[in-house]
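The exercises below concern one protein chain. Please study its sequence and structure before reading the solutions.

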Amino acid sequence: MSALDYLADGFLIAFQWHNLLYAFIGVLIGTAVGVLPGIGPMSGVALLMPVTASLTAGLPPEMAAASALILLAGVYYGAMYGGSTTSILLNTPGESSSVVTTLDGYQLARQGRAGAALSIAAIGSFVAGIVALVALVFLADPLSDLALQFGPAEYFSLMLLGLCAVSGLGGKSMTKALLMTVLGLLLATIGIDNVSGVARFTYDIPDLYQGLEFLTIAVGLFALGEVFKTILENDQSSQEITKVGRILPTKQDLKESAAPIARGSLLGFFIGVLPGAGATLASFFSYILEKKWSKHPERFGKGEIAGVAAPESANNAASGGAMIPLLTLGIPGSGTTAILMGALLMYNVQPGPLLFSDHPQIAWGLIASMFIGNLMLLVLNMPLVKVFAKIIETPPHFLIPMIIAISVFGVYAVQISTFDLILLVSCGILGYFLSKNDFPLAPLVLGLVLGPMIENNMRRALTTSNGDFSIFYTKPLSAVFLLCALAWLVVPLLLKRRGKQVVINEEA
C-alpha cells in the first residue's frame, strides 16, 4: 500500500463521529490554552492526559489510543494558533513561540490593523499546518534518517548560528543586540547544572534551583514593560482608543504575506524535525530570514505584516515537523511531544519504526485528524477575528488591568510561586527601561531559550571527543553552520566599513 492508501484509511478513522468531536474539543481547548500566557501547549496536554483515559474508557484499546492522541494533538497545534491572539492585541505572548509575533503584531494592532494581523496569523497557521502534514505523509522516512545525522556538535553549531543571527533583531545597533544576547545567556546559567548537579548563581534561594521560568521573563519584558510605559510616560498614543479598521486582510496584505508564509512553513517544518530545536527557534529563525530577505528591513518592528505571517507559519509548521521524530524514531523533539509519547506508552503503544506497521490505525488516524483539526481551527478562528479585534478598542484604563490580570494569572499558574510574581514585576520594570533606551528585547529572550541547549550540546560533544574542540569544525555540517554564523557577523561589519570608506572618498 502507498502512503495515500494508508492516509485514506486514516481519514476513515478520523471521520468517525466521536473522533471528530475529540478533534474539535482538542482544538477549542488548545486555542484557549494558547491565549492564556503561562499555560502553553505542554501544560495543556499534560493536564488533559488523565482526562482522555476517562473519555475513552469504553472503547477498544487501539481505538481508545487513536481517540486520545487525536484530542491531545488538537490541543498541541490549537495552542500554536491561539498564542498569536494576545501577542498581537496585548503585547502578551501566549506561549514561548509567540514572542516574535509581538514585535510587529502589536504595532499593527496599535495602527488599527489588528483584524488584518489576526487574519493573516490564522491563514498562515492553516497553510503551514497543511504543508507540514503533506510533508509528514511523504517525507517522514528520509527526514528521520537526516535528523539522526545531527549529533551534539551539529546542534551546538546550529544554536550558535541562531545566536549570531539574532543581530538581525537588533534594530540599528548590533552591539546592543549582542549585549542583550549575552545577558540572556547569563540568565540561562542560573539554577542546578544538569551535568554536575552543582548550584550556580542561586545564592541559596530555593526558588532559583530550577532556573528562571522562560515565560515569566518574556511576559514581564513585553506585556508589563508596555504597561509601565503607558503608566509612567502617560503615553498619549495609548490613551487614545485605537479604532479597529478593516477586519479581513487586503489584497496587498495577502500578496505581501504569501511568500513569507511559504518560506516560514518550509523552514519551520525542517527545524521542527530536529529533536530539541522546537517551535520557538523556528519562529525566531523565520523572522530573521524575512528581515534579511525583505527589500524594506527598516519596516520590521514597526508593523510589517510579513513579521506576523512568517513566525506564525513557522511555529505551526514546526509542531507538524516535531511529529516525525516522535512517530518514526520514538524520539520526542520537544516537551509537548514528550508528553504525547507518554500518552502513547500509557496505551501500550511503542512509538518508533514499527509504529506504522504494528499500529497503522493510530499513526494514520492521527495524521488524518490533524488535517481535519487545522480546517476546524481556520473555521473557528476566522469568525472570531472580529470579536478578538474589538479588544483593542477597549480604553486603556480598562485594558491595562486586564493585561496585568492575564499576566499574573498565567505566570502564577505555571509553578504557583510568589517568587515568579516578583520576577514578573522586576522584568516589567527592566523591560520598560531597556526599550526606552533602544535595547532590543528579543535577543535576550532567544539567549535565554538557546543557552541551556548550547551548553548541554557543547558538553556532550566534548565528552565524546575527550575534550578535543576540533570536533566542531571537522564534522562537515557543524563546520558549515559555524562558517554561516561567522559570515552573519562579519559581512554586515565589512559592508558598513566599506560604505563609510566610499563616503570619505566622495567627500575627499
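The model is predicted, so local features need pLDDT of at least 70 and side-chain atom pairs count only at pLDDT 80 or more, while totals for chains, interfaces and linings use all residues. Residues are numbered from 1 along each chain as its sequence is written, and side-chain values use heavy atoms, leaving out hydrogens and water.

**Exercise 1.** State how many helices and strands the chain has, and what share of its residues is buried.

Solution. Step one: the chain holds 22 helices and 2 strands; these are DSSP runs, H or I over at least four residues for helices and E over at least two for strands, numbered from the N terminus. Step two: 55% of the 508 residues count as buried, where buried means under 20% relative accessible area, exposed over 50%, and partly exposed in between (1.4 Å probe, protein chains only).

**Exercise 2.** Determine how helices α7 and α20 are arranged.

Solution. Two packed helices are described by the angle between their axes and the distance between the axes. Step one: α7 (residues 152-165) and α20 (residues 442-464) pack at about 155°, their axes lying 8 Å apart. The axes are lines fitted to C-alpha atoms over the stretch in contact, and angles run from 0 to 180 degrees between N-to-C directions. Step two: the two helices are therefore roughly antiparallel, a term for angles over 145 degrees. Step three: the residues making the contact include Phe156 and Met159 of α7, and Leu450 and Ile454 of α20; contact means heavy atoms within 4.5 Å. Step four: by class, this contact has 13 nonpolar, 3 polar and 1 charged residues. Ala, Val, Leu, Ile, Met, Phe, Trp, Tyr, Cys and Pro count as nonpolar, Asp, Glu, Lys and Arg as charged, and the others, Gly among them, as polar.

**Exercise 3.** Are Ser67 and Ser125 buried or exposed, and which residues do they touch, not counting residues up to four places away in sequence?

Solution. Step one: Ser67 lies in helix α4 (residues 61-90) and is buried, at 1% relative accessible area. Ser67 touches His18, Asn19, Tyr22, Thr56 and Leu59, with that exclusion. Step two: Ser125 belongs to helix α6 (residues 114-148) and is buried, with 1% relative accessibility. With that exclusion, Ser125 touches Tyr81, Glu312, Asn316 and Asn374.

**Exercise 4.** Classify Ala259 by its accessibility.

Solution. Ala259 is part of helix α11 (residues 251-273). At 36% relative accessibility, Ala259 is partly exposed.

Terms used: Parallel < 35°, antiparallel > 145°, perpendicular 65-115°, else oblique.
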